[in-house]
Amino acid sequence: MEATKVPETAQEGQQQAPAFQAPKKKRKWPKRLLIAAAILAALFFFIIRPMLGAGQQMIAGLYQAEAAQVRDMTVSVSSTGTVTPIDSYRVNSLVTGEVLEAPFEEGDWVEKGALLYRIDMGDAETALEQAQLSVRQAQLSYDTLVKNLTPTASAAGVVQTVHVAKGDLVNAGSPIADITDTSTMTITLPFLSADAAQIWPGAGATVTMDGTGETLSGTVEKISTADLVGAGGALIRQVEIRVSNPGALTAQATATATVGTVACAGSGSFQANRSQTVVAMTSGEVTDLYITAGTRVSAGTALASLGGSNVNDSLENAALALENAQLSLKRSQDALDNYVITAPISGEVIEKNFKAGDKLDNNTLTAAGGNLAVIYDMSSLTFEMRIAELDINKIEEGQPVSITASAVEGETFSGYVDKVNLNGTTQSGMTNYPITVQITDPGALKPGMNVSADVIVDKVGQVLCVPVEAVKRGGESPYVQIISPEGLDENGSVKDLSLIQRRDVTLGSNDEQYIQITEGLSEGEIVVWENQASNPLAMMMG
């Protein structure tokens, strides 16, 4: 097939077409800008605007706001405790045996010193009697030794002879001195038996001194009942006559006498009324000598003193023996006292474990926990509180205490701080101090109940306060954050953080919830602070 030749020119009546050129692009950016604006509008309407609302709600939830108000503030320190009686006693026994008396019952009120138990004393009384005898024996031995160290005259008289000198060593039985009583003299005269029968003791006699003829009055002391053969074979009886010594009578003088109308059958010589030889009753050294020959002494007059190392040892041993016997007696007496048990305090009997007829022994006492009875003095109740070291300096004796107990709902009891004990206990780096609170009127409270208590340390009165959480302590002084009312929404929640300002304040007293503002803030001004429970960042940091 032949190819058809295309003519170089168009058909007749048409212009020739221009040469080919690339087409120019149209300007599309206004259209795209409109599309982007539409998209942004849609994003704002459907996404950003809801997010802004949620953000505003989030901001409101992160802060709390409250106006500064005037409140009645009372500062207190709180703690807990367990109520106990003002005094209590567990009665126990130091002895065993049968209970003879137990004149009380549970619930009774007993006075201090009242009899609770009387226990059979058994051999305790015998032991006491033996101890008493031992003391008497030891005392007698000691007293005798002391007495023997000082020889004394047994009767009045005149020292005739001294047998020792100071420094001499003597043995028991050695003579110390001879003493004669010449204040009265006796003369023994022979009377014919027939005449003697007419004489009686106590009859008056006239004594005539041989040589001088001087007469003395005398008294018949005694008449012999036996007949003797006198000079010339006559039967005689001896008659003893006592006369007072005018001072000149001696044992060498002789005399005769008549009793009434009866004369003696011969003369006789005078004798001293009494003679004694004082001897040492123990061995020792004569450390002192108080007499010489011719010294007049009375009954009981000390003649000498005995001493020396041996005597001192004997005296010390006797003293120790006496002291030991006295201690044994005291132990026996104390043991005897243990058989009579009395109430150590006045109070109510809470527990009675034994009655009359029961046997006290190791088994029965162990079963009773060692207690015969338990007594509570519930005239007043008390309890102990533990106070932290940060608060103990606020506590003083006498401060009022407000008390509540879950076991007694709806009632508040009063008390006061009775004692502050500075013997604290430390645990986990914190020291707590015990204080004792006495309850003024216990009412329905009972021992063993758990109580909560507030020690009133200060009654501040009507003062301007804000919540404790609103106060910040960073920097040189404490401060709060305040916000104008425009920064809050209709619900009182924070809506504009830019309106929060710092305000330095001066603080006063505080309780657990509120703190006093003394300077820097006025009543009604609004303070704000972060809500720790709703702030995740604060919770993470905390």
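Analyst: Six helices and 33 strands make up the secondary structure of this chain, and keep in mind that the model is predicted. Of its 542 residues, 32% count as buried. If you take the contacts between residues at least 6 apart in sequence, 72% of them join residues at least 24 apart.

A word on confidence before zooming in. The pLDDT averages 87 over the chain, and 87% of the residues score at least 70. Residues 1-26 are another story: their pLDDT is below 50, and beyond near neighbours in sequence the stretch has zero contacts in the model. Residues 48-57 also have a pLDDT below 50, though that stretch has eight contacts beyond near neighbours in sequence.

Now for strand 10, which runs over residues 204-209. Ala205, Val207 and Met209 make up its covered face, while Gly204, Thr206 and Thr208 lie on the uncovered one.

What does strand 10 pair with? One partner is strand 11 (residues 215-223), in the antiparallel sense over five bridges. Here Thr206 stands opposite Ser217. The two strands form a hairpin with five residues between them, and in the turn Gly211 has a positive phi of about 90 degrees.

Strand 14 (residues 254-259) is another partner of strand 10, also antiparallel, over four bridges. In this pairing, Thr208 has Thr256 as its bridge partner. So much for the neighbours.

Note on methods. Residues are numbered from 1 along each chain as its sequence is written. This is a predicted model: local features need pLDDT of at least 70, side-chain atom pairs count only at pLDDT 80 or more; totals for chains, interfaces and linings use all residues. Side-chain values use heavy atoms; hydrogens and water are left out. pLDDT is the predictor's confidence in each residue, from 0 to 100. Contact means heavy atoms within 4.5 Å. Buried means under 20% relative accessible area, exposed over 50%, partly exposed in between (1.4 Å probe, protein chains only). Two strands pair if DSSP finds at least two bridges between them.
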